[in-house]
Amino acid sequence: MKAVIIEQFGGVDQLKLTDLPKPQPGAGEVVVRNVAVSVNPVDAKIRANGTWAGIPLPAVLGYDAAGVVEAVGEQVTEFRVGDEVFYTPQIHGNPHGTYAEFTVVPVGILARKPHGITFEEAAAIPLAGGTAWEAIVRRLQVKPGETVLITAAAGGVGSFAVQFARVAGARVIGMASERNHEFVRMVGADFVVDYHHEQAHQQILEYTGGKPVDAAFDIQGNPVIGGILDLVKPFGRLACILPPAGNLAPLYHHNQTLHGVFLTRERKRLEEMTPLFEWGKVKSWVDEVLPFSVDNLRKAHQRMDQAHGRGKVVLKF
C-alpha cells in the first residue's frame with residue numbers, strides 16, 4: 001500500500017512517500033480502507049519532535065480518517081466488510097496512523113460514519129470534534145442560557161466547540177484573529193473579539209454588561225488560561241487542551257474549576273456526536289480538500305506550523 005512516513009523528526013521534508021505491506025487485522029481489529037484523512041496541529045508537532053509521544057520510527061502519522069471496512073478480524077461482530085466508518089487512532093506509542101491507504105483499527109475506537117455527510121466531512125470530525133465535545137459537553141457541561149468564551153475559535157477544535165455550545169443553548173463569545181471574525185460568526189458565535197487587541201477583555205465585558213462568563217474553553221494556550229481567569233465568574237468552569245500557564249491564583253480565590261482535556265479514544269463519544277451531524281445541527285467545516293500526496297501533506301503541515309488556520313484540511317485518496 002501507499003503510505004507517507006517519517007524516518008526521523010524534523011521539517012516537512014521528513015514526510016516521505018513509500019510502499020508498505022497491506023496490514024492484516026488481529027483479533028478485535030478491522031482494516032479500514034481510508035477514503036479521506038484530515039490533518040491536525042498535533043500531526044505537525046509530532047513530525048517536528050515527537051519524542052514526547054513515544055512514537056517509534058519509522059512511523060505513519062495521521063490521527064483522523066473516514067473510510068470503508070476492508071477486512072474483519074476474529075471476535076469482531078460489530079462491523080462487516082463494506083461498512084462506512086470514521087475514527088481517530090491512538091497517538092502515544094502508535095506508529096500506525098492514517099497517512100496510508102489502509103489502517104488497522106481496534107473496534108473499540110471505531111464508529112459508523114454519520115449518514116448524509118461525505119467522507120471528507122467525516123474525516124474532519126473525530127479528533128477535533130471529539131476534543132470539543134469532551135470539553136463543551138462532558139467536562140464544562142454547558143447549559144442553556146449560559147455564556148461561554150472560546151479561544152482560537154476559528155480552528156478545527158474551535159469551530160466545533162462554538163457549534164456544540166450554541167446547540168447546547170449558550171451564548172458564545174469567540175476569540176480569533178480579525179481576518180477570521182466573519183467565519184467564527186458564520187459558525188455560530190454571537191460575539192467575536194481579536195485576541196491581539198489590547199482591549200479584548202474590556203470588549204468582552206462591555207458585551208456581557210460587565211458580567212463574567214459562566215465557562216471558558218482555552219484552545220489557544222501560550223498562556224491564555226491565566227489571562228482569562230478574571231473573565232470567568234466565581235465557581236465558574238474552564239477547560240484547556242494545553243498545559244495551563246500564567247497566574248493561576250484566581251482559580252483558588254474564585255473557587256473556579258479547571259479541566260485538563262487530553263482526548264481518549266472511544267466509540268461512544270463518536271456515537272454521541274453523530275446525531276447532530278446527521279440532523280444538520282452541527283457542520284464539519286472543511287476549508288480545503290486536496291488529493292492525497294506527499295506534496296499536499298507537506299503543504300498541510302506547513303499550514304499547521306503557522307497555527308493560523310480555519311476549519312480543517314482534508315486529503316482524499
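Start by selecting helix H4 together with strands S8, S9 and S11: H4 lies across S8, strand S9 (171-175) and S11, and runs at about 175° to S8. Contact here means heavy atoms within 4.5 Å. Axes are lines fitted to C-alpha atoms, for helices over the stretch in contact, and angles run from 0 to 180 degrees between N-to-C directions. Helices (H or I, at least four residues) and strands (E, at least two) are DSSP runs, numbered from the N terminus.

Before moving on, note that this is a predicted model, in which local features need pLDDT of at least 70 and side-chain atom pairs count only at pLDDT 80 or more, while totals for chains, interfaces and linings use all residues. Residues are numbered from 1 along each chain as its sequence is written, and side-chain values use heavy atoms, with hydrogens and water left out.

**Stop 1**

Now show the strands from S8 to S13. They form an open sheet of six strands with parallel pairing, in the order S10-S9-S8-S11-S12-S13. At the edges you will find strand S10 (191-193) and strand S13 (257-260), each pairing on one side only. Two strands count as paired if DSSP finds at least two bridges between them. On average, neighbouring strands of this sheet are turned by 15° against each other, direction ignored.

Zoom in on strand S12 (residues 232-240), which pairs with S13 in the parallel sense over four bridges. Pick Arg-237 and you will see Thr-257 in S13 standing opposite.

H3 lies across strand S8 (147-150), strand S11 (213-218), S12 and S13, and runs at about 160° to S11.

Is Thr-147 buried or exposed? Its relative accessible area is 6%, so Thr-147 is buried. The scale is this: buried means under 20% relative accessible area, exposed over 50%, and partly exposed in between (1.4 Å probe, protein chains only). Leaving aside neighbours within four places in sequence, Thr-147 is in contact with Arg-171, Ile-173, Val-213, Asp-214 and Ala-215.

**Stop 2: the nonpolar cores**

Select Ile-136, Ile-150, Phe-160, Phe-164, Val-184 and Phe-217. These have the most contacts inside the largest nonpolar core, which has 49 residues. Helix H4 (residues 156-167) gives the most to this core, with six residues. A nonpolar core is a set of buried Ala, Val, Leu, Ile, Met, Phe, Trp, Tyr and Cys residues joined through side-chain atoms within 4.5 Å.

Stay with Ile-150 and look at what surrounds it. Not counting residues up to four places away in sequence, Ile-150 touches Ile-136, Gly-158, Ala-161, Val-162, Ala-165, Val-172, Ile-173, Gly-174, Met-175, Phe-217 and Ile-219. Apart from the 49-residue core lies another core, of 41 residues, among them Ala-53, Val-60, Phe-79 and Leu-127.

**Stop 3: two domains**

Colour the chain by domain: domain 1 (2-117 + 284-316) and domain 2 (128-260). These bounds come from an automatic or database domain assignment. The centres of the two domains, taken over C-alpha atoms, are separated by 29 Å. Where they meet, ten residues of domain 1 are in contact with 14 residues of domain 2.

**Stop 4: strand S3**

Select strand S3. Nine of its eleven residues are buried, so S3 is largely enclosed by the rest of the structure.

Which strands pair with S3 in the antiparallel sense? Strand S4 (residues 65-72) is joined to S3 by seven bridges, with Ala-66 as the partner of Ala-36. S15 pairs with S3 over four bridges, and in S15 the bridge partner of Ala-36 is Lys-316.

**Stop 5: helix H10**

Finish at helix H10. Its buried residues are Val-294, Asn-296, Leu-297, Ala-300, His-301, Arg-303 and Met-304. What covers them includes strand S1 (2-5), strand S2 (16-19), strand S3 (29-39), helix H1 (41-49), strand S14 (286-291) and strand S15 (312-316).

Last, click on Asp-305, also in helix H10. Asp-305 counts as partly exposed, at 43% relative accessibility. Not counting residues up to four places away in sequence, Asp-305 touches Val-12, Ala-44 and Arg-47. The C-alpha atoms of Asp-305 and Lys-45 are separated by 7.9 Å, although these residues are 260 residues apart along the chain.
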